[in-house]
Amino acid sequence: MDQRTSACPKCRGSMQLGVIADTSYGTIHVSTWQEGPPEMNFLGSLKVRGKLRIGITTYRCTSCGYLESYAKP
Ligand SMILES: [Zn+2]
């Protein structure tokens, strides 16, 4: 994985690679970006079938906490 950001754009602190973890029903997933506006099914869940979905990589500034995210396949 390439290092996209080496310095925080807000305070010039150092950026640390990570992910935003989604927890639900005893499982933990990496948050994903999905194409298009959100559409819900009849159960109230987000429709995901047939949509482009990409895992999100997030960098966190170790000084001010600023987050910068990338969704690249
Ligand atoms: Zn910062």
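The model is predicted. Four cysteines supply the protein donors of the zinc ion: Cys-8, Cys-11, Cys-61 and Cys-64. The structure also holds 1 aromatic pair, formed by Tyr-59 and Tyr-70.

**Zinc site**
- The 4 donor atoms subtend angles of 100 to 115° around the zinc ion, so the arrangement is tetrahedral.
- For comparison, the ideal angle for four tetrahedral donors is 109.5 degrees.
- The donor residues follow the spacing C-x2-C-x49-C-x2-C in sequence.
- Cys-8 sits in the segment before strand S1 (15–18), and Cys-64 in the loop between strand S5 (53–61) and strand S6 (67–71), so this pair ties together parts 56 residues apart in sequence.
- Cys-8 has 0% relative accessibility and therefore counts as buried.
- Cys-64 has a relative accessible area of 44%, so Cys-64 is partly exposed.

**Aromatic pair**
- Tyr-59 and Tyr-70 are arranged edge-to-face, with 5.9 Å centre to centre and 85° between the planes.
- The pair links distant parts of the chain: Tyr-59 belongs to strand S5 and Tyr-70 to strand S6, 11 residues apart.
- Tyr-59 is buried because its relative accessible area is 1%, under the 20% cut-off.
- Tyr-70 is partly exposed, at 25% relative accessible area.

**Thr-23**
- Thr-23 lies in strand S2 (residues 21–24).
- Its relative accessible area is 63%, over the 50% cut-off, so Thr-23 is exposed.
- From C-alpha to C-alpha, Thr-23 and Tyr-70 are 20 Å apart in space, and they are 47 residues apart in sequence.

Conventions:
Residues are numbered from 1 along each chain as its sequence is written. This is a predicted model: local features need pLDDT of at least 70, side-chain atom pairs count only at pLDDT 80 or more; totals for chains, interfaces and linings use all residues. Side-chain values use heavy atoms; hydrogens and water are left out. Donors are N, O and S atoms within 2.8 Å of the metal (3.2 Å for Na, K and Ca); water is not among the atoms, so sites may look incomplete. Four donors count as tetrahedral if all angles lie between 85 and 135 degrees; four count as square planar and six as octahedral if opposite donors are over 155 degrees apart and all others between 65 and 115; anything else is irregular. Helices (H or I, at least four residues) and strands (E, at least two) are DSSP runs, numbered from the N terminus. Buried means under 20% relative accessible area, exposed over 50%, partly exposed in between (1.4 Å probe, protein chains only). Rings of Phe, Tyr and Trp (its six-membered ring) pair if their centres lie within 6.5 Å; planes under 30 degrees apart count as stacked, over 60 as edge-to-face and the rest as tilted.
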